[in-house]
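Let us walk through this fold from the chain outline to single side chains. Keep the model open beside the text.

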Amino acid sequence: MTLFASFSRVALLGTCAALAVSSGVCAAADHPKNWSPPASKIYAQKLSEEIMSTHPELISVTFHGVPPGQTDAYTMFAGSFPDRIGNADDPDDIDISKKGITILDPRWHRTNDTVKKFVMMLPLRDASGENVGEIVIAYKNPATSGKTEKDFFLAATHLRDGLMKKIPTYAALYEPAR
């Protein structure tokens, strides 16, 4: 590697580190990928886009699980941050997928979260009610909202449960979007 290439890489990493704190732009640099989505949009991505277009109270929505044909490759496979698709899941995401637990995360005093939000991490369910992965829903939570954990929990479970009838099977989430 040339001196210029080394310097460029260090400069890029430094820029990414600075930007990641404020915008998440270089999140992929510090979060390894373990899956690559197909070239065409999958059904789960279409669902993510529909949710975001009809829910202005959201910051983001992401789908997590093990892509078909993979073993223990827990990943974000669709969501409102396309550059993060394929990022390996964190241990809490894996727990939700495996155990079917729900996490209510008010994001109090998080140094890397520059926007006040409330994050709901819930098991994703198919039309039969089977837990098939995880859905993460991040809500805007301005200081004036007056919303409680119960409000966010009820809204998130209502949104998630409304998706169930749109998910005939887990495999259907990976089919090409129509």
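Helices (H or I, at least four residues) and strands (E, at least two) are DSSP runs, numbered from the N terminus. By that rule the chain has four helices and five strands. From the N terminus on, the elements run α-α-β-β-α-β-β-β-α. This is a predicted model: local features need pLDDT of at least 70, side-chain atom pairs count only at pLDDT 80 or more, and totals for chains, interfaces and linings use all residues. Residues are numbered from 1 along each chain as its sequence is written, and side-chain values use heavy atoms, with hydrogens and water left out.

Buried means under 20% relative accessible area, exposed over 50%, and partly exposed in between (1.4 Å probe, protein chains only). Of the 178 residues of the chain, 38% count as buried. Contact means heavy atoms within 4.5 Å. Among contacts between residues at least 6 apart in sequence, 57% join residues at least 24 apart.

Now the sheet. Strands of a sheet pair through backbone hydrogen bonds, either parallel or antiparallel. Two strands count as paired if DSSP finds at least two bridges between them. Here five strands form an open sheet in the order 2-1-5-4-3, and the pairing is antiparallel. Strand 2 and strand 3 (103-105) stand at the edges with a single partner strand each, so one side of each has no neighbour in the sheet. Neighbouring strands are turned by 25° against each other on average, direction ignored. For such angles, axes are lines fitted to C-alpha atoms, for helices over the stretch in contact, and angles run from 0 to 180 degrees between N-to-C directions.

Follow strand 1 (residues 58-65) to both of its partners. Six bridges join strand 1 to strand 5, and the two run antiparallel. Leucine 58 has tyrosine 139 of strand 5 as its bridge partner. Towards strand 2, four bridges hold another antiparallel pair. There glycine 65 is bridged to threonine 75. Is strand 2 enclosed or open? Five of the five residues of strand 2 (residues 75-79) are buried, so strand 2 is largely enclosed by the rest of the structure.

Serine 60 also lies in strand 1. Serine 60 is buried, at a relative accessible area of 9%. Leaving aside neighbours within four places in sequence, serine 60 is in contact with Met52, Ser80, Phe81, Val136, Ile137 and Ala138.

Helix 4 comes next. Helix 4 lies across strand 1, strand 3, strand 4 and strand 5, running at about 35° to strand 4.

Phenylalanine 153 is found in helix 4 (residues 149-164). Phenylalanine 153 is partly exposed, with a relative accessible area of 31%. Residues up to four places away not counted, phenylalanine 153 touches Thr102, Leu104 and Met120.

Last, the aromatic rings. Rings of Phe, Tyr and Trp (its six-membered ring) pair if their centres lie within 6.5 Å; planes under 30 degrees apart count as stacked, over 60 as edge-to-face and the rest as tilted. A search of the whole structure finds seven aromatic pairs. Phenylalanine 63 and phenylalanine 77 have ring centres 6.2 Å apart and planes at 45°, so the pair is tilted. Phenylalanine 63 sits in strand 1 and phenylalanine 77 in strand 2, 14 residues apart. Both are buried. Phenylalanine 77 also forms an edge-to-face pair with tyrosine 170, at 5.9 Å centre to centre and 90° between the planes. Tyrosine 170 lies in the segment after helix 4, so this pair ties together parts 93 residues apart in sequence. Ring pairs link Trp35, Phe63, Phe77, Tyr170 and Tyr174 into a cluster.
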